[in-house]
Amino acid sequence: MEMRFERNILCIGAGYVGGPTMAMIAYKCPQYKVTVADVDHERIAQWNSDDLPIYEPGLDEIVKVARGRNLFFSTDIEHGIKEAELIFVSVNTPTKTFGAGAGMAADLQYWEKTARQICQCAEAPKVIVEKSTLPVRTALAMERILTSNDSGIHFDVLSNPEFLAEGTAIRDLEDPDRVLIGSRLTESGLKARDELVEIYANWVSRERILTSDTWSSELSKLAANAFLAQRISSINSVSALCERTDADISEVAKAVGMDSRVGSKFLNASVGFGGSCFKKDILNLVYLCRNYGLNEVANYWESVVQMNEYQKERFVLNMMTAMFNTLAGKGICLFGFAFKANTGDTRESAAIFIAKRLIEEKAELVVTDPKALENARIDLRGIDGDVSYVDDPYEAAAGCHAIALVTEWDLYRDLDFEKIYRSMMKPAFIFDGRNILDHRRLFEIGFNVFPIGKPPLTHF
Ligand code: NAD
Ligand code: UGA
C-alpha cells in the first residue's frame, strides 16, 4: 500500500545545496515526502547509489536513513512539479560569461527555465521557494513568469536563502544560526511563509526562524556573503603588511578578534578565499550597485575581490622570490586542492590559480588531496605543463624542491615531516598558505619555512 505523507515537497536542483538541504528536511520530517529532481541524469544516479556525488561529512548517514523512506532522487521533474505543493528551486546561478554583464552579473537562465517549467506543468496552486542565491528583486520576475499563463493558478514566491558552508553543511543545516524566510506581506504571502516556518520548526527553534519581506531576504544573502568575504580580504591585506614589518598575523588577528564587537571567527589569513559563491555573489552585488548608479558602493565591494586576487598572486610571487627567482624545472608539491578542508569541491579554489601560475613558471607540479584529486584533474585538463596527481602525500612530496600547503586538511598537520624532508631536494621549502603547521619544528628539521603574514624561518 502506498504510504500517505502530510506534504509533498520538491526541490529542483540536486547540487551542493539541494541535495544536503532536502536530505536534512527528509531526515528530520519522516511525515513529508521529499523529492529532489535534476536534469543531470548522472548526478541523480549518483544520489541513488552508495557513492554520493558530493563529499560532505555526515551526509551519507542521513541519506541512508531517509532515502527510499521519504527521500527520493529523480529526473522526472514534470511529475515532481505536478505532485508537490511546495517547490524549492536550488539550481545554479553562476556568473554570466556572455553578453551584457559578462563576468559580473548572475546568469539566470537555469533559474528562468525552472520557472517556465513550473508554470507549464502546474495543475494546482503552489508555494515556490527561492533557495538559490539571486539578485535582489528576482522573486518579482519569478512571479511574473508564473502568472504569465492563463490557467489562473495562484503561486506564492518566497525567498529562503541558504547559509550552509561546505564541509560543515550537515552541522549548519541541523543547527543553523538562523533560517531566513522572506515573503510578500499579503495575506497569501504570509500564509505561504507560515507553511515554510512550520517545516523548519520541526527541528529549528522558532527564535532562529527569521521572517522578513522578500527583498530584504534576497539582499541579506548577498550582503552576508560579502561581509564574510570582506573579513578574509581585510585580514589578508594586513598579512601583507605583517610580512614587511615582522609582525605576526596570528597575533594581530587574536588581538583584533578578542574585541567582542569584531569577533574571532573568519579571521584566518590564507592563500585567498575560494568556493563557488563568494566571488560570484560579490560581483553580482557590484553589478547590481552599478545598475542602480551606486558606483562608490560598487567600487567598495569590488575591492574585496581585488584584494583576494592580489593575495593569490602574492603567494606565487613570494614562492618565486624565496626560491631564488626561478621555478623552472623545480618540483613543487601542492598539499591540497579543495577550496577548503572537508570537501572535494574545487570551484574557484585558490589552488587552481596557483597551479596555473606555477605551470606558467615551468615548475613541475605534483598535486595531492584526500578528496579533490578527481576535480583537480578536471580543472587542470588541457593545460600544457608537467602535472601529476598522487594520493599519498609522502609519495607526492618525494623528490620535490618545495611544498605549498593550499588546503587546511587536518591530515597535513600530523604528517611525519622528518621523513618528508629526507625525501625532498635541498634546500627544501615549505610555503604554508594556511598557517596550520608547526613552523618552528619544520625549521628545526631543516626546512625553509614561509608562512602567511609571519616572518619566514630560513637557514640562509
Ligand atoms: P550546483 O551546481 O552544485 O547544483 C545545481 C544543480 O541544478 C545542478 O545539479 C544542475 O544540473 C541543476 N539544474 C540546473 N538547471 C536545472 C533545471 N532547469 N532543472 C533541473 N535542474 C537543474 O550548485 P549549488 O552549489 O548547489 O548552488 C545552488 C545555488 O545555491 C546557487 O545559487 C548558489 O549560489 C547557492 N548556494 C550555494 C552554496 C554552496 O555551498 N554551494 C551555499 C549557499 C547557497
Ligand atoms: C560560504 C559561506 O560561509 C556560507 O555561509 C554561504 O552559504 C556559502 O558561502 C555560499 O553562499 O555558498 P563556503 O564558501 O562553503 O561558504 O565556505 P567558507 O567556510 O565560507 O569558506 C570560503 C573560503 O574562504 C574558503 O576558501 C576558505 O578557506 C576561506 N576562508 C575562510 C579563509 O581564507 N579564511 C577564513 O578565516 C575563513
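1. Ground rules. In this predicted model, local features need pLDDT of at least 70 and side-chain atom pairs count only at pLDDT 80 or more, while totals for chains, interfaces and linings use all residues. Residues are numbered from 1 along each chain as its sequence is written, chains are lettered from A and ligands numbered from 1 in the order in which they are written, and side-chain values use heavy atoms, with hydrogens and water left out.

2. Salt bridges overall. The whole structure holds 30 salt bridges. The term means a side-chain nitrogen of Lys or Arg within 4 Å of a carboxyl oxygen of Asp or Glu. Some of them join up: Arg 7, Glu 85, Lys 191 and Glu 195 form a network of salt bridges.

3. Lys 28 and Glu 174. These two form a salt bridge, with the closest N and O atoms 2.7 Å apart. Lys 28 sits in helix H1 (residues 18–28) and Glu 174 in helix H7 (residues 169–174), so the pair ties together parts that are 146 residues apart in sequence. Helices here are DSSP runs of H or I with at least four residues, strands are E runs of at least two, and both are numbered from the N terminus. Lys 28 is partly exposed at 26% relative accessible area. Glu 174 is also partly exposed, at 35%. For these labels, buried means under 20% relative accessible area, exposed means over 50%, and partly exposed lies in between (1.4 Å probe, protein chains only).

4. Arg 314 and Glu 243. Here the side chains meet in a salt bridge at 2.7 Å, N to O. Arg 314 belongs to helix H12 (residues 295–322) and Glu 243 to helix H9 (residues 214–245), so this pair ties together parts that are 71 residues apart in sequence. Is Arg 314 buried or exposed? Arg 314 is buried, with a relative accessible area of 10%. Glu 243 counts as partly exposed, at 23%.

5. Arg 206 and Glu 198. This salt bridge has its closest N and O atoms 3.0 Å apart. Arg 206 is partly exposed at 48% relative accessibility. Glu 198 is partly exposed at 41%.

6. A buried threonine. Thr 114 is part of helix H5 (residues 109–121). Its relative accessibility is 5%, so Thr 114 counts as buried. What does Thr 114 touch, leaving out residues up to four places away in sequence? Its contacts are Ile 12, Val 89 and Val 91. Contact means heavy atoms within 4.5 Å.

7. Backbone details. The peptide bond from Lys 426 to Pro 427 is cis, with omega near -5°. Pro 427 lies in the loop between helix H16 (417–423) and strand S13 (429–432). Two residues other than glycine come next. Asp 246 has a positive phi, near 65°. Asp 246 is in the loop between H9 and helix H10 (249–257), and is exposed at 58% relative accessibility. Asn 342 has a positive phi too, near 70°. Asn 342 lies in the loop between strand S9 (331–335) and helix H13 (350–360). Asn 342 is partly exposed, at 35%.

8. One more glutamate. Glu 61 is found in helix H3 (residues 59–66). At 52% relative accessibility, Glu 61 counts as exposed.
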